[in-house]
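These are my notebook entries on one protein model. I record what I looked up, entry by entry.

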Amino acid sequence: RWISRLWSDQNWIDLIFKLQQDGYYPLLLGGSQEHEKNKYFASVTGADYKGYFGLKQFISEVDQCDVVVSAVTMGMHIAVGLKKPLILMNNIFNPKEFELYGRGEIVMPDKECHCFFSPKCKNEEYFCMEHLPPQKIFDAVKRWG
């Protein structure tokens, strides 16, 4: 639904490989809409993916994480509620609207987004999430993990 917030498959794969090479154990989480993509990421990278679950089990899975990387999703809200360090990928919302309670950071693309609060970006010049490199997320995970 929120196409303007999507990160490319290759960026996710690159991040997973960087995390694995540095000794992290990426656990892929998501709902039914992310199921096929998470299966694909697991098959390409060897990252752990146990499937998708109901809300209680999903919360339990997030609770097992040391650091959560999420866009503005249910995972973000759960991580905040569980007091988990959160690396929040944000591009279309005002970052001042989020409170991470000193447990994480908001990471924005290097190039400004021009599609605020819009499910589909109308900016024809570039897609700003292409300007959020995996290294930037990886560096944030290292600071909080």
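**Entry 1: the cavity.** I looked up which residues line the largest cavity and found Ala79, Val80, Lys84, Leu86, Leu100, Tyr101 and Arg103. On a 1 Å grid over the protein atoms alone, a cavity is a set of points where a 1.4 Å probe fits but cannot get out, and lining residues have an atom within 4 Å of a point. The volume of the largest cavity is about 30 Å³, where a volume is the space filled by probe spheres set on grid points joined across faces, edges and corners. I noted that the structure holds one cavity of 30 Å³ or more. By class, five lining residues are nonpolar, none is polar and two are charged. Here Ala, Val, Leu, Ile, Met, Phe, Trp, Tyr, Cys and Pro count as nonpolar, Asp, Glu, Lys and Arg as charged, and the others, Gly among them, as polar.

**Entry 2: the source.** The model is predicted, local features need pLDDT of at least 70, side-chain atom pairs count only at pLDDT 80 or more, and totals for chains, interfaces and linings use all residues. Residues are numbered from 1 along each chain as its sequence is written, and side-chain values use heavy atoms, with hydrogens and water left out.

**Entry 3: the pocket.** I turned to the largest pocket, whose volume is about 1,500 Å³. A pocket is an open set of points with protein on both sides within 12 Å along at least five of seven lines. Its lining has 44 residues, and Trp12, Leu29, Gly30, Val69 and Ser70 lie nearest the centre. Helix 1 gives the most to this lining, with four residues. Helices (H or I, at least four residues) and strands (E, at least two) are DSSP runs, numbered from the N terminus. I counted the lining by class as 27 nonpolar, nine polar and eight charged residues.

**Entry 4: the cores.** The largest nonpolar core has 14 residues, and Val68, Val72, Met76, Leu86, Leu88 and Phe98 have the most contacts inside it. Such a core is a set of buried Ala, Val, Leu, Ile, Met, Phe, Trp, Tyr and Cys residues joined through side-chain atoms within 4.5 Å. Buried means under 20% relative accessible area, exposed over 50%, and partly exposed in between (1.4 Å probe, protein chains only). Helix 3 (55–63), helix 4 (74–81) and strand 4 (86–89) each give two or more residues to this core. Helix 4 has the largest share, three residues. A second, separate core of 13 residues includes Trp7, Ile87, Phe138 and Ala140.

**Entry 5: two buried residues.** I found Ala71 in the loop between strand 3 and helix 4. Ala71 counts as buried because its relative accessible area is 17%. Beyond four places in sequence, Ala71 is in contact (heavy atoms within 4.5 Å) with Met76, Leu88 and Met89. I then looked up Asp48, which is found in strand 2 (residues 48–49). Asp48 is also buried, with a relative accessible area of 18%. The Asp48 side chain makes a polar contact with the side chain of Tyr25 at 3.0 Å. A polar contact is a pair of N or O atoms within 3.5 Å; within protein, one must be able to donate a hydrogen and the other to accept it, and residues adjacent in sequence count only if both atoms are side-chain atoms.

**Entry 6: the whole protein.** I recorded five helices and five strands. Of the 145 residues, 43% are buried.
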